[in-house]
Amino acid sequence: MEVLNFILYILLNTCVYFVFITSFCPFVMTAVQRTILSVILFISLVITSLTENVGVILLLLSIGLYLYKISKDIPKKAVCFFLTSYLITVLTDSVLSMIANALVGNIFNPDHLFAVFVYSSAVSTVLLFIRYMLSHLGIWQKLCDIPEETFDFILINLIVCTTLFVVNIAMGAYVGYSMAVLIFNDIMFWGYFTITTVTAVRHVQEMTRKAEAENARRELAAMQEYTRQIENMYSSVRAFRHDYTNLLLSLNGYLENDDITGLKDYYHQEVLPQSREITDEPLKLNQLMNITIQPVKALISSKLIYAHVRGIRVELEVHDKIDQLRMGYADLVRVLGVFLDNAAEAALETADPWIGMAIFQKKDTVCILISNTCVDHGIALSDLGQKGVSSKGEGRGLGLWNASAILKKYPDIIWEKNMQDDKFTQSLTLPAG
């Protein structure tokens, strides 16, 4: 009976830790990853119950290393979120345990499973409420949007904070703490945690400010490129109007001499080809007027014009007005730039190079489709976006990998890839404003 109670006691604690780890994790775990996490937690908590301090260290190291391994492109962020959630959980547990002990006495006894169950449910509820408030106030999304490269300072700070916390618990278990000392320690650690958190937030704000300045510079460069392309198009139209006017005036000589045969030859050899060059033009940039997001409009126009100049047939459809998207415009410009560059390179490998782009709105989402002719190199679609995977040879493939890393910051965005009839299609489905 004692063994059964002990196992149920560990299972209840496992549930509490499982709740805070999965709730505060910056990425969604698969069913297999959740199962492995549960097993690691259970084993670590058994050891913790038997050895106390050694088990705490094992718990932190095992879960931290596991999250680091499965978090793919955001290992530092995953460990930071874990350590933060651990500190929040332990501090919450400390406060609630003092309240429970003051009201009903010691409840941390495997023989009092119902009391442990009630207490574990209370801790889990508080943790879920904290997680909900972070999302409700918009803080959670801001935390998830912090770039991975800015987490070095935060990670060092959290490791120091957690180490001090664990050492203090170990010393307390060894020498014994009175209630007054425990309360003092809680206040001290809450204060330390608050101060270090504010310091970390200020650091992140500074990094964000620099990133926004860089994004503004990129947007300005994109607008300048857009303006340059428009000016080039206007100059080309003026030059063509001038040449075509001269071409029509040259017909006058044939008409004055009634040289119908020469006129026919001249018309078919000189006039008609240039007329066809105009009427067959498939690039309809006027539809870009429906996009009011200037950096995105600038990027699309410059990339499509460049593709057209390289001899690629380009088709563009934008029938709906696109004025707001829930994605950083600088990030969207970087992703679309990669997609369009890759589409142009792939299309040029085919006998009839073609790129098609369509942007349309459906209810509360905007879908961006980019298709191109391509040669099938036998690369699995699931591998595209992995570092170094490319049909262009060794050392390439960083474009899609960078795009994939950017899109992982936006869990609401759906990125799909499809290959059919020698045409490769990518689609982005984004929340609209």
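Colleague: At roughly what angle do the axes of helix α11 and helix α12 cross, and within what distance do they come?

Modeller: Good place to start, and do keep in mind that this is a predicted model. Two packed helices are described by the angle between their axes and the distance between the axes. Here, α11 (residues 294–309) and α12 (residues 329–347) have axes that cross at roughly 15 degrees and come within 10 Å. Angles under 35 degrees count as roughly parallel, so that is how α11 and α12 lie to each other. Their crossing is right-handed.

Colleague: Which residues of α11 and α12 meet?

Modeller: From α11, look for Pro295, Val296, Leu299, Ile300, Lys303 and Leu304. They meet Leu332, Val333, Leu336, Gly337, Leu340 and Asp341 of α12. By type, the contact has nine nonpolar residues, one polar and two charged.

Colleague: Now the strands. Why is strand β3 described as largely enclosed?

Modeller: Burial is the thing to check: a residue under 20% relative accessible area counts as buried. In β3 (residues 365–373), seven of the nine residues are buried, so the rest of the structure largely encloses this strand.

Colleague: Which strands pair with β3?

Modeller: Strand β2 (residues 354–362) runs antiparallel to β3, joined by eight bridges. Within that pair, Cys367 of β3 sits opposite Phe360. Strand β5 (residues 423–431) also pairs with β3 in the antiparallel sense, over nine bridges. There, Leu369 has Ser427 of β5 as its bridge partner.

Colleague: And what should I look for between β2 and β3 in their hairpin?

Modeller: Two residues lie between the strands, and in this hairpin Lys363 takes a positive phi near 55 degrees.

Definitions and conventions:
Residues numbered from 1 in each chain as written. Predicted model: local features only at pLDDT ≥ 70, side-chain atom pairs only at ≥ 80, totals over all residues. Heavy atoms only, no water. Buried < 20%, exposed > 50% of the residue type's maximum accessible area, 1.4 Å probe, protein only. Helix = DSSP H or I, 4+ residues; strand = E, 2+ residues; numbered from the N terminus. Pairing = 2+ DSSP bridges. Axes fitted to C-alpha atoms, helices over the stretch in contact; angles between N-to-C directions. Parallel < 35°, antiparallel > 145°, perpendicular 65-115°, else oblique. Left-handed = near helix turned anticlockwise from the far one by under 90°. Contact = heavy atoms within 4.5 Å. Nonpolar A, V, L, I, M, F, W, Y, C, P; charged D, E, K, R; others polar.
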